Amino acid sequence: MKHIFKEGQNPNRPLLLLLHGTGGDENDLLPLAEMIDPEASVLSVRGNTLENGMPRFFRRLAEGVFDEEDLIFRTNELNEFINTSAKEYHFDRNNVIAIGYSNGANIAASLLFHFKDALKGAILHHPMVPRRGIELPNLEGTPVFIAAGVNDPICPQQESIDLKELLETVGAQVEVRWENRGHQLTMSEVQAAKQWYEHLFE
Ligand code: MLT
């Protein structure tokens with residue numbers, strides 16, 4: 001997969017896995033990683049599918065309607081890519097924190113939904129429930145931060161409420177930060193994510 005790897009100053013910090021939104025690329029979230037943990041190594045990945053020329057992490061049939069078969073295929077593909085990258089770049093595969101926005105948050109949530117150990121934790125900006133009606137792996141103690149907008153037309157409130165509930169059912173520790181905004185990624189939610197991260201990982 002197209003990506004950027006940046007080695008951090010401190011190899012004991014988590015590896016930050018950056019996953020952009022629809023139409024973005026691997027450069028988009030680099031400033032976020034710098035804010036969350038300037039000492040951490042970063043693996044920023046570009047989604048492998050295109051929608052009218054816009055990179056995405058999996059195909060969708062319509063706005064908010066996911067192509068489940070492709071979602072499953074792409075989730076496996078991304079997980080394998082993290083596995084091989086850990087060997088190539090010598091980072092700890094068991095110490096990976098995802099930071100995703102929108103479509104990138106959805107594939108990060110899908111990693112959590114399909115694999116017990118894909119992620120040590122996740123910061124999900126404006127996510128949705130990636131799949132419904134499946135059994136989730138045991139995520140006992142996995143910390144997840146969700147930032148959502150109360151007026152988000154793309155990711156309705158109920159999506160974040162349901163996602164929190166589904167993850168908590170299998171033991172994840174989920175914190176939701178509500179912004180009085182829409183789908184945009186705000187500075188104040190990034191600050192809140194930073195506080196959450198520092199409390200848990202520093
Ligand atoms: C998705 O397709 O993943 C969501 O609708 C969010 C987005 O527009 O990327």
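In this predicted model, a polar side-chain atom of Arg 56 comes to 2.8 Å from an oxygen atom of the ligand.

| Residue | Side-chain atom | Distance to a ligand oxygen atom |
|---|---|---|
| Arg 56 | polar atom | 2.8 Å |

On its own the ligand has 260 Å² of accessible area, of which the protein covers 96%. Besides Thr 22, Arg 56 and Asn 106, the residues around the ligand include Phe 58, Arg 60, Glu 63, Gly 64, Phe 66, Ser 102, Asn 103, Met 128 and Ile 154. Sorted by class, this shell is made up of five polar, four nonpolar and three charged residues.

Turning to the chain as a whole, an unreviewed UniProt entry places the feature "domain: Phospholipase/carboxylesterase/thioesterase" at residues 7-196. Over residues 7-196 the chain is 34% helix and 24% strand, with 23 Å between the end C-alpha atoms.

The largest nonpolar core contains 39 residues, and those with the most contacts inside it are Leu 17, Leu 19, Leu 119, Leu 124 and Leu 167. Both helices and strands build this core, for at least two of its residues come from each of several elements, among them strand 2 (15-19), strand 9 (121-125), helix 2 (68-89) and helix 4 (157-169). Helix 3 makes the greatest contribution to this core, with seven residues, and spans residues 103-114.

Note on methods:
Residues are numbered from 1 along each chain as its sequence is written. This is a predicted model: local features need pLDDT of at least 70, side-chain atom pairs count only at pLDDT 80 or more; totals for chains, interfaces and linings use all residues. Side-chain values use heavy atoms; hydrogens and water are left out. A residue is near a molecule or strand if one of its heavy atoms lies within 4 Å of it. A polar contact is a pair of N or O atoms within 3.5 Å; within protein, one must be able to donate a hydrogen and the other to accept it, and residues adjacent in sequence count only if both atoms are side-chain atoms. Accessible areas come from the Shrake-Rupley method with a 1.4 Å probe; for residues, only the protein chains shown count as cover. Ala, Val, Leu, Ile, Met, Phe, Trp, Tyr, Cys and Pro count as nonpolar, Asp, Glu, Lys and Arg as charged, and the others, Gly among them, as polar. UniProt positions are given in the numbering used here, feature names are shortened, and annotations may be inferred rather than shown by experiment. Helices (H or I, at least four residues) and strands (E, at least two) are DSSP runs, numbered from the N terminus. A nonpolar core is a set of buried Ala, Val, Leu, Ile, Met, Phe, Trp, Tyr and Cys residues joined through side-chain atoms within 4.5 Å. Buried means under 20% relative accessible area, exposed over 50%, partly exposed in between (1.4 Å probe, protein chains only).
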